[in-house]
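Dear colleague,

Please read them alongside the model.

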Amino acid sequence: MSNFYTDTPSLRHHLHHPLMRRIVELKERDFRDRDEFDYAPVDFEDAMDNYEKVLDIVGEICDEIVAPNAEDVDHEGPTVSGGRVAYAEGTRRNLDAVRKAGLMGISMPRRYGGLNFSFVPYIMAADMVSRADAGFGNLWGLQDCAETLYEFGSEDQRLRYITRVCAGETMSMDLTEPDAGSDLQSVMLKATCDGVGDCWRLNGVKRFITNGDSDIHLVLARSEDGTRDGRGLSMFIYDKKDGGVDVRRIENKLGIKGSPTCELVYRNAKAELCGERRLGLIKYVMSLMNGARLGIMAQAVGICEAAWREGYKYACERHQFGKAIINFPAIYEMVAMMRARTDASRAMLYETARYVDVYKALDDISRERKLTPEERQEQKTYAKLADAYTPMGKAMSTEYANQNAYDAIQIHGGSGFMKDYACERLYRDARITNIYEGTTQLQVVAAIRHVTTGTYLNQLRAYASIAYRPELDGYGKRLAVMTGIYEEMVATVTSVKDNEYLDFMARRLVESAAFCILGYLLLQDADRDASFLKSADIYINFGESEIRKNRDFISRFNPENLNSYRQDQNFNTIAANV
């Protein structure tokens, strides 16, 4: 019997990273829950064993239920009638399975019905679920909205809503509108306090809402009259039991078809304020989006893994000219690069998840007691690294998911274009990952300040200072050279002191930093487990060539030539008449 956890040894490798001891120590608070909850761990080894057992259950459900349902769900999809959504039959079976297994709200504290798991095993579960069916990964992964409720909601709200999520109810985050996509400052859904207690009424339209007919919604709405920017927005909780919101339609999408993407109409819908007024976008949505981006990274890694497996299996089975096509250099190079991209993306995913784990746990502890100076510094360090790695990781992993899905079809040839093979669905599912929760271009905008302020360079130097096994010294020296080239490029671009020129080169600088960082992360993996050496070798070769290509472009580019890339008025006039 197969299992998505046990058949992927790299998951266990990342679960048992040395930093996990510190993470568990912070998350479990000296294992204080052991006297109140019989399922709470009594020590570090017991906590890790709990993680292993639950991940094994997730792997089994993914293999036996979610993955076999994926094709039927893709064909059937959800439907809408009378303003309500009905999931595909396979989706209902999937939800029933994860609910019965207690896999909803697993990162929430035990006092609300959760398992109090750290982000690493939670994201690991999302990785496996997305490999099985990326569309279902969206529905299951939206339980992460409960983290925002936990951080910013009142204790009464936590008790009323988080307990329901842990019991199996679904969530959504209602942010975008027809005229407010990435520019969330333009949100105009109206929130009006009706003067009865803390009751608010919401009116307006939301669009592109994943799982929009969920049980519990987090809603971004304009609470301050006369405002048109982010300072007039607040976060609200809407409970479907109260009524007032209907699904106007479900979008007819290219991929992730099992996940209903809805247009919602709010008509005097009852809601309650979450946190403080005016902080909806400035504080709460930023936190919510960072968590969502980590989830999309996990989704992308799951798709990377699935696409590699589909491509590798077909290349081994398909014979042409008297031998399996895996034996042709053009094919085995493609398959090897798919594996390297997957391992690199996964390394970045769990490095980021560990950073999030540490700073979030310290944030939570700070609500109970004053942090020591050492803890405050630790919290600050890991929060900064999480802020830097999240946009970079989201950008790189989702681009790699798209490339792996593309290559899987290419390996299949004409067969890959047919719906007979899963790679066709993976190709469609992958395409949204580098668009939603912030496009790759927006991730670059978020990441570039960590280029200019030296966050990435400082971390690269920290990686370089690690003592690796002697046989890996050559890779370390090559990565040091790559880091030097990256530093040279940053100096070249920033010396011009032109923000538009910096923005123009931002993608190349962020990508170059990523080639170095992902290379070092794979080197660390190879240092702990020799099975990663092949991927490290392939990825570092790739990174060397790409970073030199970026350096050549930057060194030869005259900033005065930016005008060549702009569409002049004459072009725009012609385009308007086409």
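To begin with the cysteines, C316 is partly exposed at 29% relative accessibility, where buried means under 20% relative accessible area, exposed means over 50% and partly exposed lies in between, calculated with a 1.4 Å probe on protein chains only. Please keep in mind that this is a predicted model, in which local features need pLDDT of at least 70 and side-chain atom pairs count only at pLDDT 80 or more, while totals for chains, interfaces and linings use all residues. Residues are numbered from 1 along each chain as its sequence is written, and side-chain values use heavy atoms, with hydrogens and water left out.

The cysteine sulfur closest to that of C316 belongs to C423 and lies 15 Å away, which is too far for a bond. C193, which is partly exposed with a relative accessible area of 37%, has its closest cysteine sulfur in C199, at 7.5 Å, and this too is too far for a bond. With a disulfide taken as a pair of cysteine sulfur atoms within 2.5 Å, the count comes to zero disulfides.

Turning to the charged side chains, a search of the whole structure finds 58 salt bridges, each defined as a side-chain nitrogen of Lys or Arg within 4 Å of a carboxyl oxygen of Asp or Glu. One of these joins R12 and E52, with N to O at 2.7 Å. This pair links distant parts of the chain, since R12 sits in helix 1 (residues 9-15) and E52 in helix 3 (residues 44-76), 40 residues apart; helices (H or I, at least four residues) and strands (E, at least two) are DSSP runs numbered from the N terminus. R12 is partly exposed at 46% relative accessibility, whereas E52 is buried, at 15%.

Another salt bridge is formed by D225 and K190, whose closest N and O atoms are 2.1 Å apart. Here again distant parts of the chain are linked, with D225 in the loop between strand 6 (216-222) and strand 7 (233-239) and K190 in strand 4 (residues 190-193), 35 residues apart. D225 counts as exposed at 64% relative accessibility, while K190 is partly exposed, with a relative accessible area of 29%.

K419 and E424 also meet through their side chains in a salt bridge, at 2.9 Å from N to O; K419 is partly exposed at 45% relative accessibility, and E424 is buried at 11%. Finally, salt bridges that share partners join D7, D127, R131, E305, R309, R339, D343 and R346 into one network.
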